[in-house]
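These are my notebook entries on one chain, written as I looked through it. I begin with the overall make-up and then turn to selected places.

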Amino acid sequence: MTSTSPLARCTLFGGQVKVVRSRLVFGLPKNDRDRRVPFPDSVAQSLKEHAEKYDPLSVTLPWEDPFSDEQVTVPLIFTTTRRGTIKRATFDGKSWRPAVEAAGIVPTRATGMHALRHFYALALLDAGESIKALASYLGHSDPGFTLRVYTHLMPASEERTRRAIDDLSSEDGNRHPADLRVARVAATRKWTR
């Protein structure tokens with residue numbers, strides 16, 4: 001990406017503000033894994049509008065180790081009302097929990113910020129995203145782990161199963177191109193019992 005707009009610069013940073021030994025640092029997200037997640041146009045537009053209204057704030061912090069000499073400067077899109085970094089505990093107590101309560105939901109661990117991660121995962125599964133891709137987006141090294149966590153919530157129906165096979169042929173009996181592609185793949189695989 002060659003753009004130098006504030007929003008473009010912000011989207012290049014693949015980390016987060018974390019607290020390590022009671023000090024703020026920049027670091028990689030969960031499991032210390034860098035990841036790439038498709039950025040929907042609707043979210044990009046909302047962030048662009050926010051960045052135009054509120055200039056991103058350049059913040060310099062150590063990388064991972066609060067006592068390191070390695071400093072990283074990152075433009076933050078979201079800041080406190082005093083233009084500082086948002087700490088998770090402050091956000092939970094001052095923004096998230098009040099919003100949950102205003103929606104008539106009892107704040108619990110299950111309704112915490114982490115619930116958004118599960119909501120994201122479920123929305124992608126419901127739209128037909130693969131477990132392998134979802135595991136990558138969530139930072140799971142093993143798609144089997146992702147499958148074990150979310151399999152009971154994956155959409156399933158006998159009607160969708162019937163439709164998947166019915167859709168391989170058109171009403172006039174002619175085979176669809178997708179049907180031919182599946183047949184070619186099936187013919188080249190070695191199947192075991």
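**Entry 1. Overall make-up.** I first counted the secondary structure and found eight helices and four strands in the chain. I note that the model is a predicted one. Reading along the sequence, I wrote down the pattern α-β-β-α-β-β-α-α-α-α-α-α. I then looked up burial: of the 193 residues in the chain, 21% are buried. For the accessible surface I have a total of about 14,300 Å², with 55% of it belonging to carbon and sulfur atoms. I also looked at contacts between residues at least 6 apart in sequence, and 44% of these join residues at least 24 apart.

Entry 2. I asked in which sense strands E1 and E2 pair. Strand E1 (residues 16-20) and strand E2 (residues 23-27) are antiparallel, and I recorded five bridges between them. Within this pairing, Val 17 has Phe 26 of E2 opposite. The two strands form a hairpin, with two residues between them. Arg 21 counts as exposed because its relative accessibility is 56%, over the 50% cut-off.

**Entry 3. The loop between E4 and H3.** I next went to the loop that runs between strand E4 (71-76) and helix H3 (88-102), where Thr 85 is placed.

With 37% relative accessibility, Arg 83 counts as partly exposed.

**Entry 4. The second largest pocket.** I looked up the second largest pocket and noted a volume of about 290 Å³. Its lining consists of Thr 79, Thr 80, Thr 81, Arg 82, Ile 86, Thr 90, Phe 91, Lys 94 and Ser 95. How many residues of each class are in this lining? I recorded two nonpolar, five polar and two charged residues.

**Entry 5. Helix H5.** Finally I turned to helix H5 (residues 131-138) and asked how many of its eight residues are buried. Six of them are, so the helix is largely enclosed by the rest of the structure. I listed these as Ile 131, Ala 133, Leu 134, Ala 135, Tyr 137 and Leu 138. What do the buried residues of H5 pack against? I found helix H4 (114-126) and helix H6 (143-150). Just after H5 comes Gly 139, for which I noted a positive phi of about 85°.

Terms used. Residues numbered from 1 in each chain as written. Predicted model: local features only at pLDDT ≥ 70, side-chain atom pairs only at ≥ 80, totals over all residues. Heavy atoms only, no water. 1 Å grid on protein atoms, 1.4 Å probe; cavity = no way out; pocket = protein on both sides within 12 Å on 5 of 7 lines; lining within 4 Å. Points joined across faces, edges and corners; volume = space filled by probe spheres on them. Nonpolar A, V, L, I, M, F, W, Y, C, P; charged D, E, K, R; others polar. Pairing = 2+ DSSP bridges. Buried < 20%, exposed > 50% of the residue type's maximum accessible area, 1.4 Å probe, protein only. Contact = heavy atoms within 4.5 Å. Areas by Shrake-Rupley, 256 points an atom, 1.4 Å probe, with all protein chains shown as cover.
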